[in-house]
Amino acid sequence: MESTYPLWTGTENADNASKISIGSEGKLVYIKTAHPLSDYSSMLQGNTEETKNFKQTKDANKPRACLGGYAYRYAAPAGVHLCDSDGSHIDNGWDDLDYKPYKDAPSGENLFYLYYMPPGTTDVGFGTYEDPYWQWCTNFHESITLREKRCYSYNNSSTITGYFINFTEKSKAYAFTNSGHSNSDGMHPVNITGKGHYRYLNHNGTSVTGSPYCILNPDGNKLWQPQCGVAPWFTVAGDFQTIFPPERPESIACAESVKEHCESILGTPTTGCDATNYIVPDILKTGISSFSTKANNTTCVTNLLALDKNSFDFNQFNTCYDEAPESSLYNGYLVVRVSDNNIFTSSTGTLSRNFIFIFDRDLNEQVKLPPTSPGKYTFLYFAEGLSGTLQPATSTGEYDYFIYTKKNISNVLFNNTPLKGAIYAAVADETSGAKNCASVGDMTFNKGIEFNEELLNSLSKAKILCDAKASTCGGTTSSSSSSIPASSSSSILDEENGFDSFHIAAAPQLGISLESQRIAAKSEIPTTDHFDPIVSSVLVLPRVIYLTRDPIGKLSDYYNVINLNGATEVKEASKVTCSSGAINTIGLLYQDGNKLPEGLHTCTCKSTQYEDNKFYLYVSGLAGGAPPVSFTTDKAEVTAGGAPVTVSLDLPKSNHGNIEVDVLVSSIPAGWTVTPQAGVQAREGASGAIYKVTATLSSAAASVKPIFTVSPGPK
């Protein structure tokens, strides 16, 4: 039950418990370690020590702490630490009052919480223990010569009173106390900084580690007193149960199907990055094997790389670009390999053409990036990461960069200008597949990172970046070297080896901080002269929809149309078309046993007012669950004295095999009867009779299954 991160952190969520609702009406909810609100008072807020209410008895012979003692009359033996028993150097502390470590129970209805302690272990307790660090002075008197008290005799140990956390017995091993100890005392290795020599067993100096339910008291004057609580509080919509049936009912799928679905995407559990249990694969790859062959293949470039790195003028590379023959460029980009001479040490000038810079070693020093001209893009490839700081060379200008690293980058610092691009830290090596788990240590973007779709489109069309699923990446495009467009559409996924630019994150991780808690009394509203008009647009979310080959429902059930900047587009299934004609964009996706084709499919949501928007379907595998069944008719009228009516189910064509369906019939008029058909069993439920239908689905054809006949009584 050891925990380095408490389940309870000092705040309650009971007021928002309704946001966590488990189960549904009429269904059983099994939670083995859950308890209703009524248990909280009887288990954790009662009036006895067993229910966490402790009498903090004050006893001078059993103090809360020993803070120091008198010198021994003679030279004190090694390891002897005398505790003064007359009270001037001990902290009696206790007040003879009751204390409940667990916070008061919240108010509300239908509240539940999770709580579990293993047998033989108690989360919090109060009592005494023997502290062998201290020896209790039993005989002392004032020394006239030295004018101080001296100890003449002592016991072998002192009895200390305190709280215990996550304990099996009340002993020093579980004590939670402010009894002083030396920093060099090996038996008490943890001392909280700034608290003298106070020592809390089961505490790492910042938080309690011995119980997931208790933390250090937020009151700095009561650090010897733990504070406890439970979280999260939640509500239950169904019938709450803590005792599982001997055998799991077939109607309870538990989490196995969810686990199988996740593993179909992420693979089986393994050691991932940042100590996770799964590896999230890279979503893109580079054309390094192709564009690296174009590196430094002009005399102009090689001459520049030999110049003094101090105050290097990057305008010179623009000249190299203009002088280079088309065959020396890689799809409109000039490729430069930086090895030993770090020309980025002190950069001047502006990159006014498209460039790729390959760093084949860790430069281990600052890399200052020159600004770029509008509509011109630069791709940085760090093969060995960077131990130094990556930052702009100036506080002005535009920085259209895509930064790709195979190894760690220590620091990225953009104080006064935004990065208009992205930073991508690769999970695995592109060639060997070895897991690198690259990351960026510290990132500072005071002006933010701006998503740059044009940059990503240009890199994709130039085969510098590709979808990770592409078989290859790189090679010569059909476009001329100087006319690779930066398309404004998001249809990259349709291009060979392309990717969906909306899914390339701006950075490998983002930090969020609170800039100010002050509410301004008034705000200055700038004039509209300083702003460009915002264009209305629409976006289909999610951008990628994962479906099985036999999904339930319609395609429109899986996406939504988001209006941006005042757009007024209405979601209509008829406006959507998909690249595969086998995908029904209006009716049911799966019917009559016709499964969806596997693979990646592009769908387009057309608009007459705004730009068309694309989204994607990734179809793979089968749901594995029973197919949906329905009644043959929506309703049937039965009148008193009329003819009997048989109720039937439409069974779809399926290779699922046997299915079971429960049909609930509420109370019926007196004199009426419901007669079950063959293969149907009736039983009484809480809200009426339940008819259990057992049937076998046919993979050859759909069928109709009668379930019962309703016979009306006389008029």
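This is a predicted model: local features need pLDDT of at least 70, side-chain atom pairs count only at pLDDT 80 or more; totals for chains, interfaces and linings use all residues.
## Phe 344 and the nonpolar cores

Setting aside neighbours within four places, Phe 344 is in contact with Phe 314, Val 338, Phe 357, Phe 359, Gln 366, Val 367, Lys 368, Leu 369 and Pro 370. Phe 344 belongs to the largest nonpolar core, which has 36 residues. Within that core, the residues that touch the most other members are Phe 317, Phe 344, Phe 357, Leu 369 and Ile 403.

There is also a second, separate core, made of 26 residues. Leu 37, Tyr 40, Tyr 99 and Leu 111 are among them.

## Helix 1

Two names from that second core, Leu 37 and Tyr 40, turn up again here: together with Leu 44, they are the buried residues of helix 1 (residues 37-44). These residues span an arc of only 55 degrees around the axis, so they sit on the same side of helix 1.

What do the buried residues of helix 1 pack against? Their partners are strand 3 (34-36), strand 10 (111-114) and strand 11 (122-131).

## Helix 6

Helix 6 (residues 453-461) is mostly covered, with 7 of its 9 residues buried. Those buried residues are Glu 453, Leu 455, Leu 456, Asn 457, Ser 458, Leu 459 and Ser 460. The cover over them includes strand 26 (378-382), strand 28 (401-405), strand 30 (419-420) and strand 34 (465-467).

Have a look just past the end of helix 6, too: Lys 463 adopts a positive phi of about 60 degrees.

## Asn 354, a polar residue in a loop

Asn 354 sits in the loop between strand 23 (347-348) and strand 24 (355-359). Is Asn 354 buried or exposed? Its relative accessible area is 13%, under the 20% cut-off, so Asn 354 counts as buried.

A polar atom of the Asn 354 side chain lies 2.9 Å from the backbone nitrogen of Tyr 377. Beyond its neighbours within four places in sequence, Asn 354 is in contact with Tyr 321, Gly 332, Tyr 333, Leu 334, Gly 375, Lys 376 and Tyr 377.

Strand 39 (residues 599-605) and strand 40 (residues 613-619) run antiparallel and are joined by 7 bridges. One of the pairings links Gly 599 with Val 619 in strand 40.

Note on methods:
Residues are numbered from 1 along each chain as its sequence is written. Side-chain values use heavy atoms; hydrogens and water are left out. Two strands pair if DSSP finds at least two bridges between them. Helices (H or I, at least four residues) and strands (E, at least two) are DSSP runs, numbered from the N terminus. Buried means under 20% relative accessible area, exposed over 50%, partly exposed in between (1.4 Å probe, protein chains only). Contact means heavy atoms within 4.5 Å. The arc is that of the directions from the helix axis to the C-beta atoms. A nonpolar core is a set of buried Ala, Val, Leu, Ile, Met, Phe, Trp, Tyr and Cys residues joined through side-chain atoms within 4.5 Å. A polar contact is a pair of N or O atoms within 3.5 Å; within protein, one must be able to donate a hydrogen and the other to accept it, and residues adjacent in sequence count only if both atoms are side-chain atoms.
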